[in-house]
Amino acid sequence: MTSESTADLTEVLTKIRSLREAGSMRDARDLVDAVLAEDPDHAVMHLERARVHAAWGRTAQARRDLRNALELEDSLIEDVRGDGLFASYLRDPFLLAELEPESPVADAILALEDEELAEAK
């Protein structure tokens, strides 16, 4: 990724997050969708669309986009972990059921649960 494309991505993410925080969910989603039209495998944009849908109260769409983001780039689980929008999603049996049992994402979600249990003791 070039520094120019990194700067462009940062600008787009800032705009999406500003729109989401302002409650302009449709505009935020449309901007994400425009990026995904050009690069359908952009994991970060799937995660941003999940955030928009979660903030919008569209649980099924948010869960689908979250699953897609994590399947494209399982290291995003660390970003998701601290995001309050997704706290309940990681415990959602439907999300886990939609993943391949031996996938790195399923393993990461189960590892998070194990960590939380250990911290609670």
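**Buried charges, salt bridges and nonpolar cores**

Arginine 51 and glutamate 48 are both buried, where buried stands for under 20% relative accessible area, exposed for over 50%, and partly exposed for values in between (1.4 Å probe, protein chains only). The structure is a predicted model, in which local features need pLDDT of at least 70 and side-chain atom pairs count only at pLDDT 80 or more, while totals for chains, interfaces and linings use all residues. Residues are numbered from 1 along each chain as its sequence is written, and side-chain values use heavy atoms, with hydrogens and water left out.

The side chains of arginine 51 and glutamate 48 form a salt bridge, with a distance of 2.6 Å from N to O. A salt bridge is defined here as a side-chain nitrogen of Lys or Arg within 4 Å of a carboxyl oxygen of Asp or Glu. Because arginine 51 and glutamate 48 are three residues apart in helix α3, about one helical turn separates them. Salt bridges with shared partners also link Arg29, Asp30, Asp33, Arg49, Arg64 and Asp65 into one network. The count of salt bridges by this rule is eight.

The overall fold consists of seven helices and zero strands, in the order α-α-α-α-α-α-α along the sequence. Helices (H or I, at least four residues) and strands (E, at least two) are taken as DSSP runs and numbered from the N terminus. The protein has 121 residues, of which 37% count as buried. Contact is defined as heavy atoms within 4.5 Å. Among the contacts with a separation of 6 or more, 53% are between residues 24 or more positions apart.

Glutamate 48 has a relative accessibility of 0% and therefore counts as buried. A further salt bridge joins glutamate 48 to arginine 20, with the closest N and O atoms 3.3 Å apart. Glutamate 48 lies in helix α3 (residues 43–56) and arginine 20 in helix α1 (residues 3–21), so this pair ties together parts that are 28 residues apart in sequence. Both glutamate 48 and arginine 20 are buried. Their side chains are also joined by a polar contact of 3.3 Å. A polar contact is a pair of N or O atoms within 3.5 Å; within protein, one atom must be able to donate a hydrogen and the other to accept it, and residues adjacent in sequence count only if both atoms are side-chain atoms. When neighbours within four places in sequence are left aside, glutamate 48 is in contact with Leu13, Ile16, Arg17, Arg20 and Val32.

Helix α1 also holds leucine 9, which is buried at a relative accessible area of 19%. The C-alpha atoms of leucine 9 and valine 44 are 9.8 Å apart, although the two residues are separated by 35 residues along the chain.

Helix α2 (residues 25–38) contains 14 residues and spans 20 Å from its first C-alpha to its last, close to the 20 Å expected at 1.5 Å a residue. The expected span is 1.5 Å times one less than the number of residues in the helix. Met25, Ala28, Arg29, Val32 and Leu36 are the buried residues of α2. These residues lie on the same side of α2, because they cover an arc of only 95 degrees around the axis; the arc is that of the directions from the helix axis to the C-beta atoms. Ala37 and Glu38 are exposed on the other side of α2. Arginine 29 is buried at 16% relative accessible area, whereas aspartate 33 is partly exposed at 27%.

The largest nonpolar core has twelve residues, namely Ala43, Leu47, Ala50, Ala54, Ala62, Leu66, Ala69, Leu70, Leu76, Ile77, Val80 and Phe86. A nonpolar core is a set of buried Ala, Val, Leu, Ile, Met, Phe, Trp, Tyr and Cys residues joined through side-chain atoms within 4.5 Å. Two or more residues of this core come from each of α3, α4 (59–72) and α5 (77–81). Leucine 47 touches Leu66, Ala69, Leu76, Asp79, Val80 and Phe86, with residues up to four places away in sequence not counted. A second, separate core has ten residues, including Ile16, Val32, Met45 and Val52. In α4, the buried residues include Ala62, Leu66, Ala69 and Leu70, along with the charged residues Arg63, Asp65 and Arg67.
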